[in-house]
Amino acid sequence: MSDTVRLTCAQALVRYLAALRARDADAESAQPLFGGVFAIFGHGNVAGLGEALYDARHELPTYRAHNEQAMAHTAIAYAKASMRRRMMAVTTSIGPGATNLVTAAALAHVNRLPVLLLPGDVFVSRAPDPVLQQLEDFADGTVSVNDCLRPVSRYFDRIVRPEQLLTALPRAIRALTDPALCGPVTLALPQDVQTEAYDYPASFFAPREIVFRAPIPTDDELMLALDAIEASQRPVIVAGGGALYAKATPELLAFADRHGVPVCETQAGKGAMPWNHPLQLGPAGVCGSTAANAILRDADLVIAVGTRLQDFTTGSNALFRHVPILSINVNTFDTLKGDGVEVIGDAAQVLDDLSFGLEGWAAPDAWTERAREAARAWVDTVSRITGQRHAPLGRRPYDGEVIGAVQRSSTTSAMRDIVVCAAGTLPAELEKLWRTETAGGYHMEYGYSCMGYEIAGGLGVKMAHPDREVIVMVGDGSYLMMNSELATSVMLDAKLIVVLLDNRGYGCINRLQQATGGAPFNNLFDDCVQGRHGAPRVDFAAHARALGAIAEHVADIAGLEAALERARAADRTYLVCIDTDPARTTDDGGAWWEVAVPEVSPRTAVREARAAYETAMADRKTGKPSP
């Protein structure tokens, strides 16, 4: 008879997680797969899981946060910054804490990022029914609020008997670590089951090392891909997040150099190739560079490497609609996009295999040289924009000038800085203008474009890379949505530099509203319904200081540069706030993005915007290059 150990369900879960190890290809030794657990305890998890986590606190650290959605964002950012090789778990109580996880789970699902969600659940026994915070479904007695997490989880299970962990946990770990399945996993934990004991096989808790799979393409797929590339005269690579998660930068550089194929990038893929590489065209699509979009419009083959080809990359499927797509991806769902040649496999492996098969082949010299010239011109454009130290007379600085100041604050040795952002105008400006030479130096959540991710995400990045400077760039709108983990960063000695751009509202959507013919309405403070005290004047520096950070407000770019020197020298989280212009943006680059405009409106501006929208739609159908 095999040895057994009697544990509660919660103790068994924690012991299993603590025993898992992960070895990266470039690491000397294996590390714990889970970097820790973020927890906000309540009656649904404090007695069972809370006690188990206390017993294992030295092997599996538990961190306290202030908001359930934010702590899940922190865990997700930790996994993203770890290139999906390490991750965290998150536990909440049964009610609002659990439903606060839904947005974060959707974010992880969209971005293909692992996070283990462990919400408490109602009593399986139903003895206390309804228990505090329990949702009662009048037609289904098995439903709890955790069922809201089903559509936003890659794997969902409700543990109603302690022995179910023997099958549920291995399945959960597979979903978290398989590159094609990767995403959020929810294990709902009824609070009575958490405390029930079972005689588990001792072998279940033996240390085990996770193997990260690197799918290998078939010979037939490679042959079709080789044929497509060799037949092309104007190929271009679009590098997505999969190129980073596969750690394919060496293979990407080798492929581009050896075969003269230019490379552009997505939000998730930015940093896969250093900004100063001669064939680095910059970003593609709606937030794209003039170089990348011009090359994409004239390409005769797009080699999509690890990208899900979302509409910001493709210009709502208008930028290169009639161009064949060779899609390289670990996920079959993503390779189907574009109706082209599919290669299922790890980006590094596939690029290496293709390069071997293309020995002696290169893109025509004229195409490669055109790409190099376009890349050089874009480098000059970015230098011109970010080099501006003074706003036009009577105007506030705008995002591009702020980005330039932050970039200049990095010394040569500090090019290992990691910039973190999400949602709004800043992602567009940063994708165009931020420069990084390091894979992972650009951390953007734009798959779900979730406001409020920034500070919580920055904390996760810092926990993954404590030796690197993490710079969070955030607008006032996002900051006001979620800022509480600023206090957590101070508590954990996880220093962040936060650059807050205050444009007095939701400047990004205000501009989009007007671009589609709408009147300025309900976005900037000045255009909102106000009471007798008027629009708020938020002292963001005072607010940050109240949360334990060092903070100051600066008047201009020169003041920002001086403040950033102080921030880099500081021993804890430091926030710098600067007022910015909500109307100005970078004119260079960009592509059409489909935003539906009303067919009928009494307003002339809306009717004109509708006419332009219909023209763009017709151009997309005919394959006419989008502007």
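This is a predicted model: local features need pLDDT of at least 70, side-chain atom pairs count only at pLDDT 80 or more; totals for chains, interfaces and linings use all residues.
Helices and strands here are DSSP runs, numbered from the N terminus.

View 1. Most residues other than glycine have a negative phi, and most peptide bonds are trans. Arg 504 has a phi near 65°, a positive value in a residue other than glycine. Its relative accessibility is 13%, so Arg 504 counts as buried. Now look at Arg 112, in the loop between helix 5 (101–111) and strand 7. Arg 112 is not a glycine either, yet its phi is positive, at about 60°. With 16% relative accessibility, Arg 112 counts as buried.

View 2. Find the loop between strand 7 (115–121) and strand 8 (155–158), and you will find Pro 130. The peptide bond that leads from Asp 129 to Pro 130 is cis, and its omega is near 5°.

View 3. Strands of a sheet pair through backbone hydrogen bonds, either parallel or antiparallel. Here 6 strands make an open sheet with parallel pairing, in the order 14-13-12-15-16-17. Strand 14 (280–283) and strand 17 (341–344) are at the edges with a single partner strand each, so one side of each has no neighbour in the sheet. From one strand to the next, the twist averages 20°. Zoom in on strand 15 (residues 301–305) and strand 16 (residues 325–329): they run parallel and are joined by 4 bridges. Opposite Ile 303 stands Leu 326 of strand 16. Helix 14 (residues 347–357) lies across strand 15, strand 16 and strand 17, and runs at about 130° to strand 16.

**View 4. Gly 315, a buried loop residue.** Gly 315 sits in the loop between helix 12 (311–314) and strand 16. Its relative accessibility is 0%, so Gly 315 counts as buried. What is Gly 315 in contact with, leaving aside its neighbours within four places in sequence? The partners are Val 286 and Trp 592.

**View 5. Helix 23 and its buried face.** Helix 23 (residues 557–569) is 13 residues long and reaches 19 Å from its first C-alpha to its last, close to the expected 18 Å. Its buried residues are Ile 557, Gly 559, Leu 560, Ala 563, Leu 564 and Ala 567. Seen down the axis of helix 23, these buried residues fall within an arc of 140°, so they line one face of the helix. An α-helix has 3.6 residues a turn, so residues three or four places apart point the same way. The buried residues of helix 23 pack against helix 16 (399–408), strand 21 (497–502), strand 22 (550–554) and strand 23 (574–579). On the face turned away from the buried side of helix 23 are the exposed residues Glu 565 and Ala 569.

View 6. The whole structure holds 8 aromatic pairs. In one of them, the ring centres of Tyr 479 and Phe 540 are 5.5 Å apart and the planes are at 85°; planes over 60 degrees apart count as edge-to-face, so this pair is edge-to-face. Tyr 479 belongs to helix 19 (residues 476–481) and Phe 540 to helix 22 (residues 540–546), so that the pair links distant parts of the chain, 61 residues apart. Tyr 479 counts as buried at 1% relative accessibility, and Phe 540 is buried with a relative accessible area of 3%. Elsewhere, Tyr 16, Tyr 198, Tyr 200, Phe 204 and Phe 205 form one aromatic cluster.

Methods
Residues are numbered from 1 along each chain as its sequence is written. Side-chain values use heavy atoms; hydrogens and water are left out. Helices (H or I, at least four residues) and strands (E, at least two) are DSSP runs, numbered from the N terminus. The expected span of a helix is 1.5 Å times one less than its number of residues. Buried means under 20% relative accessible area, exposed over 50%, partly exposed in between (1.4 Å probe, protein chains only). The arc is that of the directions from the helix axis to the C-beta atoms. Contact means heavy atoms within 4.5 Å. Two strands pair if DSSP finds at least two bridges between them. Axes are lines fitted to C-alpha atoms, for helices over the stretch in contact, and angles run from 0 to 180 degrees between N-to-C directions. Rings of Phe, Tyr and Trp (its six-membered ring) pair if their centres lie within 6.5 Å; planes under 30 degrees apart count as stacked, over 60 as edge-to-face and the rest as tilted.
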